[in-house]
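Subject: Structure handover

Hello,

Here is the structure I promised to pass on. Please open it next to this email and follow along.

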Amino acid sequence: MHHDYEVMAYTVGMYMHYIRSLRRAVADMEAEVSEHEQSLAVMGGDYSRGPGSGPSRDKLPDGVIRLVQMRQRLIDEHARCDEDAAHARKLCRDNDDRWAVWLHKVEGMTYAEVGRQLFVSKATARRMVERGTVSLYYVMPEEWRREMPNALPE
């Protein structure tokens, strides 16, 4: 079963982009949790009713509850992302050409940098990424191949 290279490249690119975005998603959540932790220091009384009215209530307990919920979501997201990323990394690590795709698409390396990393020329690195794209297409999770309506054989 043969597929058009452009379809494979697009589909593999989407999959690798998703894997790369997992890092950003977790980093964003970590930053949000950190920001909330820092805001707990100023969550004493609520003076929003204006000057002279005094505090209405202590917001710290609500802030701590929200922090616990945020940390649990972060733990869940870490587990999900780590599982997906580890699976993709293993698929790529099993084959030099697919590893070149990982370095280029996930790590964001140029062809020249991929070549230096793998001890090959820039042109060879480019060919490795092309071969790795085809190879990865057939072993990546099937739901990603279905992203393109014409990606599956008829």
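First, a definition for the helix pairs below. An axis here is a line fitted to C-alpha atoms, taken for helices over the stretch in contact, and the angle between two axes runs from 0 to 180 degrees between N-to-C directions. Two packed helices are described by that angle and by the distance between the axes. Note also that this is a predicted model.

The overall picture

The protein has six helices and zero strands. Read from the N terminus, the order is α-α-α-α-α-α. There are 154 residues, and 33% of them count as buried. The accessible surface is about 9700 Å². Carbon and sulfur atoms hold 52% of that surface.

H4 and H5

Helix H4 covers residues 111–118, and helix H5 covers residues 122–139. Their axes lie 8 Å apart, and the packing angle is about 95°. Angles of 65 to 115 degrees count as roughly perpendicular, so H4 and H5 are roughly perpendicular to each other. On the H4 side, the contact uses Tyr111, Ala112, Val114, Gly115 and Leu118. H5 brings Lys122, Ala125, Arg126, Met128 and Val129. By class, that gives seven nonpolar residues, one polar and two charged.

H2 and H3

Helix H2 spans residues 60–93. The axes of H2 and H3 come within 6 Å and cross at roughly 135°.

Asp97 sits in helix H3, which runs over residues 96–106. Is Asp97 buried or exposed? The cut-off for buried is under 20% relative accessible area. Asp97 has 17% relative accessibility, so Asp97 counts as buried. What does Asp97 touch, leaving aside its neighbours within four places in sequence? Asp97 is in contact with Met128, Arg131 and Gly132.

Best wishes

Conventions:
Residues are numbered from 1 along each chain as its sequence is written. This is a predicted model: local features need pLDDT of at least 70, side-chain atom pairs count only at pLDDT 80 or more; totals for chains, interfaces and linings use all residues. Side-chain values use heavy atoms; hydrogens and water are left out. Helices (H or I, at least four residues) and strands (E, at least two) are DSSP runs, numbered from the N terminus. Buried means under 20% relative accessible area, exposed over 50%, partly exposed in between (1.4 Å probe, protein chains only). Contact means heavy atoms within 4.5 Å. Accessible areas come from the Shrake-Rupley method with a 1.4 Å probe; for residues, only the protein chains shown count as cover. Angles under 35 degrees count as roughly parallel, over 145 as roughly antiparallel, 65 to 115 as roughly perpendicular and the rest as oblique. Ala, Val, Leu, Ile, Met, Phe, Trp, Tyr, Cys and Pro count as nonpolar, Asp, Glu, Lys and Arg as charged, and the others, Gly among them, as polar.
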